[in-house]
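Hi,

Here is the structure I promised to pass on to you. Please have a look at it first, and then read on for my notes.

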Amino acid sequence: MEQLAYQYQTSQPISKRVHVGVVGSGDLEILMFPTDKSESTVKVRTGSDGFDKVWGNVLTRFFDRYPISADIVINDFGATPGVVYLRLTQAMEELADEK
Amino acid sequence: MKNSFVELNARERVNALLDTENGRELVGPFDQMIAPNLVAQGIVPESDDGIVVSLGTIGHKKVVVIAMEGSFQGGGIGEVSGAKIIAALSHALEENQNGHEIFPIIVLDTGGVRLQEANYGLLSISEIGNLIVALKKYVPVIGVVPGRVGSFGGMSITSALMSYLITTKKARVGLNGPEVIEQEAGVREFDSSDKDLIWNTIGARQRVQAQIIDELVTDSVESIKSAVLAAMLERKDSHRSENADFYLSLLDSLDLSKPMTIESYNQALIEHQAQSVDLPVITEQATPATTSVGYDWFQALTGLKNPNSTVSTVYYGDSKRFNEDVVVTAIVPDPKNPMYRVRDGEVGLVEGFRMAQILNHIYEADQNKAVKRPIVVVIDVPSQAYGYNEELIGIHVALANSAAAYAKLRQAGHPIIGVIVGNAISGAFLAHGLQSSRLIALNSPAISVQAMSKESASRITKRSIAEIEAAAEQVPSIAYDIRNYNKLGALYRFLEKITDQSTSITNVNAVISAVNDAIEDVRRTNDTMLTARYTNEIAVKMGRVETNKVQAKMNEEWNA
C-alpha cells in the first residue's frame, strides 16, 4: 500500500459531504468533505504502488475541469485511471443532486 | 437484471430495504472509523470498514439494518466492523428491553472472520451471537443472504443463530469454504475446483432442502423486502439453533463413515421424525478412554478417575472441587471415531449437538433454582471438523446449537468459565469456549488460539506464511500464541506461571482458584453478557481500543 497526498488551488466550495464507491477489486471509494480554504487536499491510499504520477495526472485533469474546494479521501483497490475519473465524476453528480 | 438486490453494494442494499429515504446511517464513512490493523499490514482500508448500519423503518416498523460489504475484503469481520455490529445490536437489545420494539435485519455477505485480524473476528462474532440470542427473546432477528460471497465461517454460525434466513438462489451458505476444506482435508474430501459440487452442496437451492435456510426468493428488491417484512410481521422463527434432539436422532440414523449422496441425505431428512435421544452417560473405568490435554483436565477438574463417555467425544460431569457445585464440560478426541473428520478432537456435528443437549438438560434442571450452577468449559479444541458430510448436513448449525446453549445458560445466570488448557481454534472455539463469561488460560507455548491454520490463511489471503508471521509482529490479533492473545483483553486471568499443560497438583490448584475467583466475579457483578471482554483494563488500554471508540461513537449517534 502507498499513501499519496496532493494539493490543488481551487475556487468553488462544495456544500455538503459526499461518498461514492466501494474498496473492492478494481474499484475505489471517494469521500469529499467541505472546507473553508481555497484549495483541495487529496489523500490517496492505494493498493497499487508506483503510480503517483498517474494519480497526479488524473487529479490535475479533474481539478482543471471542476475546481472544487474540498478535503478528499480516496481508498483505492486497483482501480484503473478511467474508473478513478468515473468515480470522481459520480461524486460531482452527488454534489449536484440537491436531495 | 432489473431491480436486482444482489447487484447492489451494501449501502444500496440497506437503502433498498428501508422505507423510502428514511434511513439514518450510524458510524458511517464520514466518521472515518477505519481498521488500523489493515493499514498496519499495508492493506487499503474502507471508510466504513465494510459494515453499513442504518436506523429506519420497513413497513413503518422500526428496524436497524446491518449489511456487510462483500466486495471489501470478502465481507470479513474484524475489530471495527465487528464492533459496529455489536454496538448496534446492543442498542437494539436495550430498546427492546425498554419496550421500544425494533427489529434487527442483518444482510450477510461475508467470508466470516477477517483473517488479517483473526482473533478480533472470533471475539466479535461470539459477542454478536450472544446479542442475537438475547434479542430473540423480544423480536425475530432476520437474516438475508443475497449472494456473491454468501455466508461462510463464523458468520454462518451467526446465521444459524438468527430466527429466519432468506436468500436468493445466488447465495451459498456453509461453515468452511471449499478451498479451506480442500487445504485441510485434501482434494478427495472436497474438490474446490468442482463448481457443480460446491453449488449442489452448499448452494441456496440445496440449502432450502437441507433446512439450513428458510426461504428462497427471486433476486429483486421487491421480493426481498416483502419477504423481510412478512418475517417481521409474522415473527417467523425456525429455532434452528435449538434443534439438538432432531439432529442427534437424525445423525443416529445415518451412515456417516463415508460421503453421503445429496439425494440420500435429502430423503433421510424428509422422512426423519425427531426423537428424544438419551444423554451421554459418563462412568469411571480401569483405564483412560482417550489421551488428550482436555481429557486430563476434565479428570482433574471433576475428580473422576478414567471417565468414559457413551458418546466418545463429549464429556460432562458434576464436580465438588470448587467453592460451588459446578458442571465441567469437555470435547475430546476419539481416534476410532466413525466420523473420520473428528478423530483428532475436532468439534463436529455430534459434538455441537451433544453439547447443546447436555447444556439444555442443565438449563432445565436448574430452571426453577435460585442459584444456577456454574459451567466450567475445558477448552482443548484443535478446530471444527473440515469435511464434506459436515458441510452437507450443516456443521455451522451444530456449532450454533452449542454456542446458543452456552449463551442461553449464561443469560439465565449460570456463570460460564472457560479454561484454555489446549488449542482454541476457530469455529470449534466459537462453539465451545467463546461464549464464556470469563476466560482463563495457561501460559503454555503449546497452546494456539486462532481462526485458521497458517497454511489455509496463507492460501485464502494470498500471503506467504513468512509474510503472515511478519505481520503478526505488528498485529497481536493474528498471532497464534497465548501471550499475544492475552494482549487483546479477552482473558479474565492469564496464569502466567503455568508454562506447561500438565495436571500437576500445583497447576490444578491454581486453575481451581482462578475459576473460583471468576465465578465470584460473575456473581458479584450479576454479569450475564460478554461486555467484560472489552471493558476490562487491558482491553481499554490496548486490546479493544477500536471497539471502545466505535461503542462511544455509536452511543453518540444512536440517539442523535
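Below is what I found in it, grouped by topic.

Before anything else, please keep in mind that this is a predicted model.

**The two chains together**

Let me start with the interface.

As background, side chains of opposite charge can pair when their charged atoms come close.

One pair to look at is Arg13(B) with Asp109(B), whose side chains meet in a salt bridge at 3.0 Å, N to O. This pair links distant parts of the chain, 96 residues apart: Arg13(B) sits in helix α1 (residues 10-17), while Asp109(B) sits in the loop between β4 (103-107) and α4. Are these two residues buried or exposed? Arg13(B) is buried, and Asp109(B) is buried as well.

Another pair is Lys258(B) with Asp255(B), with a salt bridge of 2.7 Å from N to O. Lys258(B) has a relative accessible area of 47%, so it is classed as partly exposed. Asp255(B), at 41%, is also partly exposed.

Then there is Lys549(B), which forms a salt bridge with Glu546(B); their closest N and O atoms are 3.3 Å apart. Both residues belong to helix α23 (residues 545-558) of chain B and are 3 residues apart, about one turn of the helix. Lys549(B) is partly exposed at 43% relative accessibility, whereas Glu546(B) is buried, with a relative accessible area of 12%. Elsewhere in the list of salt bridges, shared partners join Asp318(B), Asp366(B), Lys369(B) and Arg373(B) into one network.

**A pair of packed helices**

Two packed helices are described by the angle between their axes and the distance between the axes. In chain B, helix α4 (residues 119-135) packs against helix α15 (residues 395-412) at an angle of about 65°, and the axes are 10 Å apart. The crossing of α4(B) past α15(B) is right-handed. On the α4(B) side the contact is made by Asn130(B), Val133(B) and Ala134(B), and on the α15(B) side by Ala404(B), Ala407(B), Lys408(B), Arg410(B) and Gln411(B). By type, the residues of this contact are 4 nonpolar, 2 polar and 2 charged.

**Two buried helix residues in chain B**

Leu251(B) lies in helix α10, residues 244-253 of chain B. Why does Leu251(B) count as buried? Its relative accessibility is 8%, and buried means under 20%. Apart from neighbours within four places in sequence, Leu251(B) contacts Leu256(B), Leu349(B), Val350(B), Phe353(B) and Ile393(B).

Glu95(B) lies in helix α3 (residues 79-97) of chain B. Glu95(B) also counts as buried, at 13% relative accessibility. Leaving aside neighbours within four places in sequence, its contacts are Lys62(B), His100(B), Ile102(B), Trp558(B) and Asn559(B).

**Positive phi values**

Most residues other than glycine have a negative phi. Asn306(B) is not a glycine, yet its phi is positive, at about 45°. This residue is in the loop between α12 (293-302) and β9 (307-309) of chain B, and Asn306(B) is buried, with a relative accessible area of 15%.

Ser426(B) also has a positive phi, near 55°. Ser426(B) lies in helix α16 (residues 426-431) of chain B and is buried, its relative accessible area being 8%.

Methods: Residues numbered from 1 in each chain as written. Chains lettered and ligands numbered in written order. Predicted model: local features only at pLDDT ≥ 70, side-chain atom pairs only at ≥ 80, totals over all residues. Heavy atoms only, no water. Axes fitted to C-alpha atoms, helices over the stretch in contact; angles between N-to-C directions. Helix = DSSP H or I, 4+ residues; strand = E, 2+ residues; numbered from the N terminus. Left-handed = near helix turned anticlockwise from the far one by under 90°. Contact = heavy atoms within 4.5 Å. Nonpolar A, V, L, I, M, F, W, Y, C, P; charged D, E, K, R; others polar. Buried < 20%, exposed > 50% of the residue type's maximum accessible area, 1.4 Å probe, protein only. Salt bridge = Lys/Arg side-chain N within 4 Å of Asp/Glu carboxyl O.
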